[in-house]
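The structure is shown first, and the packing is described after it.

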Amino acid sequence: VLSVFFRVSSGENTTFPSWFMFGAATAAYQIEGAWSTADKSESIWDRLLHTQPSLVMDHSNADDACFSYDFWTRDVEIAHEMGLQMYRFSISWPRLLPTGFPNQISSIGKSYYGNLIDGLLRKGIQPVVTMYHWDLPQSLQELGGWTNPLIATWFADYARVLYTLFGDRVKYWITINEPLTICDGGYSKMAAPYLDDMKISNYLCSRHVLLAHAKAFRAYEKFRKQYRGKISMANVFFWFEPLNPEKDKEATKLAMQLWEGRFGHPIYSKTGGWPPELEKYIAGISKTEGYNQSRLPPFTPEEIQLIKGTYDFYGLNHYTTRLVRKATRKTAGDWPFYGSKELGVTFVNHPNRRTIVIDWFQIYPEGLRKQLHWIKDNYEVKDIMITENGLPMLRLDLADYDRVDYIKKNLEQVLLAINEGVHVMGYTVWSLIDSFEWITGYKLKYGLYHVNFESEYRLRTARESGKYYRRVIKSRSWDE
Ligand code: BG6
């Protein structure tokens with residue numbers, strides 16, 4: 001109460017500008033179920049969890065998940081109940097193109113996504129459509145997946161199908177969700193295809209993901225005049241701070257380059273291409289390891305130009321902040337594992353920040369604001385959309401007050417950033433409903449709405465956070 005009084009009397013503005021959009025997100029594999037319905041083909045996640053179920057904490061998979069394939073109207077109803085202005089979901093590539101190629105467009109897949117898009121628009125909710133949220137057609141994996149350079153063209157062909165089918169109605173597209181997780185997760189046995197090569201494959205994948213994104217963005221040019229949509233990618237970006245402001249400063253910068261700059265610099269910077277410090281660093285260690293060429297494969301000058309500037313806004317997935325401590329490449333470790341060995345850094349918790357549910361998830365809302373400023377200061381970007389932000393909880397019930405607090409404090413920081421001159425277009429909560437989480441299965445919950453996985457209808461019920469978010473959207477204030 002006192003803090004509310006202080007805020008009111010201190011005159012802090014708690015109201016979002018009228019153009020700011022509130023949303024929530026999901027992804028196809030995590031909610032749809034119906035993994036083999038009609039002509040849908042197998043994705044790499046279907047294959048992985050059918051063959052190695054023990055990889056997931058509770059040995060589950062998303063064969064059925066939330067049955068959103070059947071109950072999508074309820075999802076639209078929930079989005080409407082909360083007053084969302086946008087709903088971010090993803091299209092399953094193998095559901096729409098069972099061979100992975102446009103030679104076979106599934107009429108059932110097409111009507112499923114068409115109905116969902118129309119259903120949202122009827123309620124006045126903007127669909128924000130992710131083209132790729134990790135469920136690659138298994139057939140394409142068999143051809144090398146993201147390590148095959150041809151995937152850039154395959155992806156652009158898929159994107160063209162999407163623009164042709166849905167471009168008249170979809171105004172916000174996200175080409176690829178979290179290239180970091182696709183490449184470093186996929187090749188460090190953390191995510192499908194669950195391979196083990198953090199020397200060459202993860203960087204080949206990074207290169208091809210960027211080219212795929214760029215080609216998909218360029219393929220939209222033909223449609224842009226007519227449809228006037230906006231396109232970007234969604235980067236996952238933990239905010240990193242040095243444990244010791246002096247000693248760990250350089251290590252922190254390099255960690256940022258490996259995590260964010262690897263994907264951000266080629267697209268959003270003035271010069272394009274890999275971040276120079278990272279390029280130099282990887283070339284250096286590659287040499288000491290006996291490689292004749294850098295493990296980070298170079299772009300041609302044409303490719304640099306092709307990728308540079310392929311965005312209409314910056315898509316940011318933010319969850320938490322980690323501290324970076326310089327270590328050696330032998331002693332490095334700790335979550336997030338990606339790249340810590342490569343760089344010789346260790347990520348540690350802040351002693352005075354609350355750690356919640358997972359041992360590396362710390363609450364530090366200011367991190368989001370600092371990160372928004374960092375994007376503005378380091379890139380040419382004008383608009384930023386927060387494409388994911390959420391809190392995992394173990395709670396199965398509806399009283400998720402920690403999540404209410406997390407969203408509230410993050411929104412407060414977003415508004416402060418806006419008032420300080422960062423143009424944030426909107427904010428998206430991960431997630432609309434509880435869903436299958438990649439490695440934790442149904443143990444961790446992110447939903448604004450609880451899903452009863454025991455019920456055959458997968459009943460969805462508003463949590464306290466869902467109710468809070470509804471009040472926020474109505475009043476357009478994080479302080480409701
Ligand atoms: C994001 C992903 O990284 O984090 C989502 O885009 C995911 O798909 C979310 O569900 C939560 O991650 P996790 O690892 O807890 O399942």
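## Helices on the sheet

Helix 11 (residues 249–268) lies across strand 6, strand 8 and strand 9, and runs at about 165 degrees to strand 6. Helix 15 (residues 366–378) also packs on the sheet, where it touches strand 6 and strand 8; its direction makes about 95 degrees with that of strand 6. Contact means heavy atoms within 4.5 Å. Angles run from 0 to 180 degrees between N-to-C directions, with axes fitted to C-alpha atoms, for helices over the stretch in contact. Helices (H or I, at least four residues) and strands (E, at least two) are DSSP runs, numbered from the N terminus.

The three strands form an open sheet in the order 6-8-9, with mixed pairing; two strands pair if DSSP finds at least two bridges between them. Strand 6 (239–242) and strand 9 (345–348) are at the edges with a single partner strand each, so one side of each has no neighbour in the sheet. The twist from one strand to the next averages 40 degrees.

Strand 8 (residues 321–326) and strand 9 run antiparallel and are joined by four bridges. Val 324 is opposite Phe 347 in strand 9.

## Helix 4 and helix 6

The axes of helix 4 (residues 68–82) and helix 6 (residues 107–122) come within 9 Å and cross at roughly 10 degrees. The two helices are therefore roughly parallel to each other (angles under 35 degrees). Among the contact residues are Trp 72 of helix 4 and Tyr 112 of helix 6.

## Basis

The model is predicted: local features need pLDDT of at least 70, side-chain atom pairs count only at pLDDT 80 or more, and totals for chains, interfaces and linings use all residues. Residues are numbered from 1 along each chain as its sequence is written, and side-chain values use heavy atoms, leaving out hydrogens and water.

Notes:
Parallel < 35°, antiparallel > 145°, perpendicular 65-115°, else oblique.
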